[in-house]
Amino acid sequence: MSDSAKLTHLDAAGQPAMVDVGSKMPSRRVAVARSRVVLGPEIMALVKEGDLPTRKGPVFQTAILAGIMGAKRTSELIPLCHPLGLDNCRVTIEPDGPDAVLIECTATVTGKTGVEMEALTGASVAALTIYDMCKALSHDIVIQETRLLSKTGGKNDFQHEA
């Protein structure tokens, strides 16, 4: 971290404060986040044939919807997070080796503040939904490495170095 780095959600007195974005100009902002869920080879074998049906619905389709819904409600979950009217939100779920899936959430907005929290929330909620829907099969499921992969359109663009 640089010497000039500081927490943005504290006022001069050190109290929690929402960041004032009133003077910023709107720009198109895109953020991509990823979560990895280790399901284990037995559960992965069930989903390799297609989505795993449950009483709550197909696991991955339900997780995609939950991720989008979570991204849209980020400001209700994260204190001081600005409410954003997302232009778009996309959640994808792909196999990652013999025992895991990768969830990616891409959130887009034209606005005065970034959408990385929305992308992170979307990926996290999708991962939690997969856990919830598969926990009857195993409690050894692990949600790993929820992280921001990239963000563009703000003061500081970011790209994760693989």
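**Ground rules.** I number residues from 1 along each chain as its sequence is written, and I leave hydrogens and water out, since side-chain values use heavy atoms. As the model is predicted, local features need pLDDT of at least 70 and side-chain atom pairs count only at pLDDT 80 or more, whereas totals for chains, interfaces and linings use all residues.

**Entry 1, salt bridges.** I noted first that side chains of opposite charge can pair when their charged atoms come close. For the count I took a salt bridge to be a side-chain nitrogen of Lys or Arg within 4 Å of a carboxyl oxygen of Asp or Glu, and by this rule I found 6 salt bridges.

I looked up the salt bridge between Glu104 and Arg34, in which the closest N and O atoms are 3.4 Å apart. This pair links distant parts of the chain, 70 residues apart, with Glu104 in strand β3 (residues 100-111) and Arg34 in strand β1 (residues 27-38). Strands here are DSSP runs of E with at least two residues, numbered from the N terminus. For accessibility I used relative accessible area with a 1.4 Å probe and protein chains only, where buried means under 20%, exposed over 50% and partly exposed in between. Glu104 counts as partly exposed at 26% relative accessibility, and Arg34 is also partly exposed, at 24%.

I found Arg73 and Glu76 joined by a salt bridge at 2.7 Å, N to O. Arg73 is partly exposed at 47%, while Glu76, at 54%, counts as exposed. I then turned to Lys135 and Asp132, whose side chains meet in a salt bridge with an N to O distance of 2.4 Å. Lys135 has a relative accessibility of 32% and counts as partly exposed, and Asp132 is partly exposed at 29%.

I treated two strands as paired if DSSP finds at least two bridges between them. Strand β1, which holds Arg34, pairs with strand β4 (residues 142-152) in the antiparallel sense over 8 bridges. Within this pairing I noted that Val38 stands opposite Val142 in β4.

**Entry 5, the β4 and β5 hairpin.** I followed β4 onward to strand β5 (residues 158-159), which runs antiparallel to β4 and is joined to it by 2 bridges. Ser150 has Gln159 in β5 as its bridge partner. The two strands, β4 and β5, form a hairpin with 5 residues between them, and in the turn I noted Gly153, which has a positive phi of about 100°.

Technical notes. Helix = DSSP H or I, 4+ residues; strand = E, 2+ residues; numbered from the N terminus.
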